[in-house]
Amino acid sequence: MSEQDSLKELRIDRADRDGSGHRGLRLVLAILVVGALGGGTYYAVSEGPIPVDVSIAQAPAAGPTAVLDATGYVIARRQATVSSKISGKLAEVLIEEGVQVEADQLLARLDDTDAKAQLDLARARLAAAQARLGEIQVQLEQNRRGLKRQTELRSRQLASEEALETAATQVETLSAQLEAQRSQVRVSEAEVQVALVAYDNTVVRAPFAGVIVAKAAQPGEIVSPMSAGGGFTRTGIGTVVDMGSLEIEVDVNEAFINRVRPDQPVQAVLDAYPDWTIPASVIAIIPTADRSKATVRVRIRIDAKDPRLIPEMGVRVSFLQDDTRVSDGTTAGVLIPASAIREHGDGSIVFVLDGDHVRERQVTAGDEIGDRRLVEQGLAAGERVVRDPPLALADGMRVSPRGEVETP
């Protein structure tokens, strides 16, 4: 075969080339489209369900509802560290921790040797002043009788004018001495009272009825109402607490203080007794904030006194809201977490579980109660709703619940 014949064998006819070319292009496009659809179908099928958190819608319980929780401590409004009014050495301490004391009950005695000596001296001075007063009174009475005789004798011209004047002067002098001595007696009586106070200051008494929670000194130690250098002087003998003045003090975040009001009912639970619910109520909101913690202090009255309550115990409190719609037991609607509701246009929606899919449902949302919200219409008790639904969640999607949490 010649070289020209070989080249002719290799030549491609234009008509065949055009037809087969178009068919090849169409085939390639078809394969790409099918591949794309197939890939999309594979992606949709192979993509797993969306994991979500689920809560169960609950019917509102009868009674008050908690709107805020806080922690704090039990404190005593009447608490005193008792000390002596004077410096001295303790001779006797009559208290122990945990002992109940009454008002004015004797707690301790100081060494009273000096005070007793001063009291005895003051009483002796008073006795001497009183004796001198009696002596002057006797002399005055005698001189008054003498003046009377001199007056009678002078009226009968039997005594001189000088003798009468002398008798009158003696009466006046003794009268002045009597008044001066009476003043001296009053001074001596005041000195006795001062000595009595100093002697009484050696005795330490309870300022009010309560329980001794601390004993800070022992017999033989020096106590003083003022702090002294060296560390060898006690400033207190013991601490007494009025258990009837116990109350609760909590710090509330200032962002939620608008949920607290005076006389608001409160439920308190001690950390030491978690199964014991204590009825309480708000006394007052302290009108100042702590800028370092962004909190406001709230005082809470304990309505049920109990020996188990002691100062400085940790306590958790729940501020309650009296909602008549909730407490009457006939409220229509359910409570769900506020995060389960998504605002959509002019309404609200929730995602309700239907098997392993979710259904978007329009609801009528009511008031917020703590971290929950009342759904008045569109949802029934017992239905499961998605908490914090993802933005990509839509009606009909498959989901995988990670856990069901009942609304407390």
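**Salt bridges in the predicted model**

At 4% relative accessibility, E247 falls in the buried class, the cut-off for which is under 20% relative accessible area. The model in which this value was computed is a predicted one.

In total, 18 salt bridges are present in the structure. Among them is the pair formed by D242 and R78, for which the closest N and O atoms lie 3.4 Å apart. This pair likewise links distant parts of the chain, since D242 is located in the loop between β11 (238–241) and β12 (246–253) and R78 in the loop between β2 (65–76) and β3 (79–82), with 164 residues separating the two. The two partners fall in separate accessibility classes: D242 is buried, with a relative accessible area of 15%, whereas R78, with a relative accessible area of 40%, is partly exposed.

A further salt bridge is made by the side chains of D354 and R359, with an N to O distance of 3.4 Å. Here D354 is partly exposed at a relative accessible area of 44%, and R359 is also counted as partly exposed, at 36% relative accessibility.

Conventions
Residues are numbered from 1 along each chain as its sequence is written. This is a predicted model: local features need pLDDT of at least 70, side-chain atom pairs count only at pLDDT 80 or more; totals for chains, interfaces and linings use all residues. Side-chain values use heavy atoms; hydrogens and water are left out. A salt bridge is a side-chain nitrogen of Lys or Arg within 4 Å of a carboxyl oxygen of Asp or Glu. Helices (H or I, at least four residues) and strands (E, at least two) are DSSP runs, numbered from the N terminus. Buried means under 20% relative accessible area, exposed over 50%, partly exposed in between (1.4 Å probe, protein chains only).
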